[in-house]
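Visitor: I would like a close look at the aromatic contacts here. Please take me through the ring pairs and what surrounds them.

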Amino acid sequence: MSSLTNIKDAAITLFSQKGYEATTLNEIATKVGIKKPSLYVYFSSKQELFLTIFEELLEEYKMRMEQIIEEVDSAIEEEKLFILFEKYVVAFADEPIKSLFWNRVFLFPPLDLKEEILGKISEVESTFIEKESTLIKDLIVQNIIRDISDESALIAFRSLREGLLMTYLINPHLERNKIKEIWKTYWHGLKKGE
């Protein structure tokens, strides 16, 4: 593994565990096993290092979500929402350090970067929110799920998904079949009665 990769891996871990403000370049260098001045070969500042990691992870998130949406597009109507739900939870539960990084970014973004970061996240996320909303609207029109507010259904869907992901991050040994069990309860409440 290259020094650059080692630096970014160490930084992701420390930013995830301690947050941006509490992490120092000295700690990152120590974790990598180099001297602090060696970091400046790659990054001019902690901010540049953080933004580089953020941009890479945002691009990775975008690509992962696009892959999930491709799977959703080829599925039968009643399974589309579940695939979007399950694949998201599994993808991020399998990457606990990156998921913790995202939680820190959302809850405690670096103050001097907050607007820039949240703006970029919102820009990427809007595409996926639109896709999820359209999917829910289509299921309502097709009389598969109850005629409820698509906005409420979307908020409930995203809240349940994020909550379950957090459960897996807190308890990584939780069996994966719980995803289907939780989904069945949600789907039962959402699906239109016979």
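Guide: The structure holds 16 aromatic pairs. The model is predicted. Start with Tyr61 and Phe92. Their ring centres lie 5.7 Å apart and their planes meet at 45°. That angle falls between the limits of 30 degrees for stacked and 60 for edge-to-face, so the pair of Tyr61 and Phe92 is tilted. Now place the two rings in the chain. Tyr61 belongs to helix 4, residues 46-73, and Phe92 to helix 5, residues 77-93. The two are 31 residues apart in sequence, so their pairing ties together separate parts. Both Tyr61 and Phe92 are buried.

Helix 5 supplies a partner for another pair, Phe85 with Phe157. This pair is tilted too, with 6.0 Å from centre to centre and 55° between the planes. Phe157 sits in helix 8, residues 150-170. Phe85 and Phe157 are 72 residues apart, and their pair links distant parts of the chain. Phe85 is buried, as is Phe157.

Go back to Phe92 for a charged neighbour. Arg64 lies over the face of the Phe92 ring, 5.3 Å from its centre. Phe92 therefore has Tyr61 as its ring partner and Arg64 over its face.

Next comes a cluster. Seven names make it up: Phe15, Tyr20, Phe50, Phe54, Phe101, Trp102 and Phe106 form one aromatic cluster. One of these, Tyr20, also has a charge over its ring. Lys46 lies over the Tyr20 face, at 4.5 Å from the ring centre.

Terms used. Residues are numbered from 1 along each chain as its sequence is written. This is a predicted model: local features need pLDDT of at least 70, side-chain atom pairs count only at pLDDT 80 or more; totals for chains, interfaces and linings use all residues. Side-chain values use heavy atoms; hydrogens and water are left out. Rings of Phe, Tyr and Trp (its six-membered ring) pair if their centres lie within 6.5 Å; planes under 30 degrees apart count as stacked, over 60 as edge-to-face and the rest as tilted. Helices (H or I, at least four residues) and strands (E, at least two) are DSSP runs, numbered from the N terminus. Buried means under 20% relative accessible area, exposed over 50%, partly exposed in between (1.4 Å probe, protein chains only). A charge sits over a ring if NZ of Lys or CZ of Arg is within 6 Å of the ring centre and within 35 degrees of the ring normal.
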